[in-house]
Amino acid sequence: MRIIRGKYGRRRFDVPVNITARPTTDFARENIFNVLENIVDFEECRALDLFAGTGAVSFEFLSRGCPSVTAVEKARTQQQFIAKVARELGDDNLNLVRGDALRFIESCGGRFDLVFADPPYDMDGFGEIPGKVLESGMLNPGAVFVMEHSKKYDFSALPHFSEHRAYGSVNFSIFRIPEAEADEN
């Protein structure tokens with residue numbers, strides 16, 4: 001796993017062979033972060049990485065200056081890897097939650113400025129996840145929500161959909177919560 005840019009940029013970490021996650025490709029991650037850099041102030045951002053997998057997205061958030069990053073991962077192997085990398089980086093701004101991301105969405109008491117979700121593409125109920133995040137109350141006014149998905153999904157009819165980006169076989173739907181309407185959700 002490679003951290004692309006920021007204070008930890010170009011750092012590499014060997015991912016254990018027994019990890020079952022499908023990490024976002026470096027190419028797709030670099031491109032979506034280029035988009036996010038134009039709409040998010042990472043240094044003022046409370047970020048959430050749902051279905052964190054290897055933690056690559058969480059570490060990009062931290063590397064780019066997010067003062068608070070929450071990573072939610074259910075699998076023990078992935079969670080241990082994320083914790084190990086965080087220790088090696090010496091970064092205390094990561095809150096690692098070992099648990100089911102869907103349950104986290106339902107019970108989350110916090111609010112975030114940036115939410116990134118990368119569930120397994122073959123997960124039951126995959127298509128319902130964006131709606132659950134948008135309705136959860138976890139998004140601050142002005143928040144951005146990014147959903148990674150395959151090309152078979154189209155989330156453009158959902159509220160607050162802003163744009164769709166595709167990088168190879170990786171697709172992202174970006175939602176932007178208006179400043180004025182965020183409290184109504």
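# A guided tour of the salt bridges and helices

Begin by selecting Arg29 and Asp26, which form a salt bridge whose closest N and O atoms are 2.5 Å apart. The model is a predicted one. Both residues belong to helix H1, where a spacing of 3 residues separates them by about one helical turn. Colour the pair by accessibility: Arg29 is buried, at a relative accessible area of 2%, whereas Asp26 is partly exposed, at 28%.

The structure as a whole holds 11 salt bridges.

**Helix H1**

Next, display residues 26-37 as a cartoon. Helix H1 comprises 12 residues and reaches 16 Å from its first C-alpha to its last, close to the 16 Å expected at 1.5 Å a residue. Within H1, the buried residues are Ala28, Arg29, Ile32, Phe33, Val35 and Leu36. Turn the view so as to look down the helix axis: the buried residues of H1 fall within an arc of 155°, and therefore line one face of the helix. To see what covers them, show helix H2 (56-63) along with strands E4 (112-117), E5 (139-149), E6 (161-167) and E7 (170-176), which are included in that cover.

**Helix H2**

Keep H2 on screen and select its residues. How many of the 8 residues of H2 are buried? The count is 8 of the 8, so H2 is largely enclosed by the rest of the structure. The buried residues in H2 are Ala56, Val57, Ser58, Phe59, Glu60, Phe61, Leu62 and Ser63. Just after H2, centre on Gly65, which takes a positive phi of about 105°.

**Helix H3 and Gln78**

Move to helix H3 (residues 76-89) and pick Gln78, which lies within it. Is Gln78 buried or exposed? With a relative accessible area of 4%, Gln78 is buried. Show its surroundings: leaving aside neighbours within four places in sequence, Gln78 is in contact with Ile19, Thr20, Ala21, Gly53 and Glu73.

**Two further salt bridges**

Select Asp100 and Lys74, a salt bridge with its closest N and O atoms 3.6 Å apart. Asp100 sits in the loop between strand E3 (94-98) and helix H4 (101-107), and Lys74 in the loop between strand E2 (68-73) and H3, so the pair ties together parts that are 26 residues apart in sequence. Lys74 is exposed, its relative accessible area being 53%.

Then select Lys132 and Glu128, where the salt bridge has its closest N and O atoms 4.0 Å apart. Lys132 is partly exposed, with a relative accessible area of 32%.

**Confidence**

Finally, colour the chain by pLDDT. The protein chain averages 93, and 97% of the residues score at least 70. Where does pLDDT stay under 50? Select residues 181-185 to find that segment, for which the model has 13 contacts beyond four places in sequence.

How values were computed: Residues are numbered from 1 along each chain as its sequence is written. This is a predicted model: local features need pLDDT of at least 70, side-chain atom pairs count only at pLDDT 80 or more; totals for chains, interfaces and linings use all residues. Side-chain values use heavy atoms; hydrogens and water are left out. Helices (H or I, at least four residues) and strands (E, at least two) are DSSP runs, numbered from the N terminus. Buried means under 20% relative accessible area, exposed over 50%, partly exposed in between (1.4 Å probe, protein chains only). Contact means heavy atoms within 4.5 Å. pLDDT is the predictor's confidence in each residue, from 0 to 100. The expected span of a helix is 1.5 Å times one less than its number of residues. The arc is that of the directions from the helix axis to the C-beta atoms. A salt bridge is a side-chain nitrogen of Lys or Arg within 4 Å of a carboxyl oxygen of Asp or Glu.
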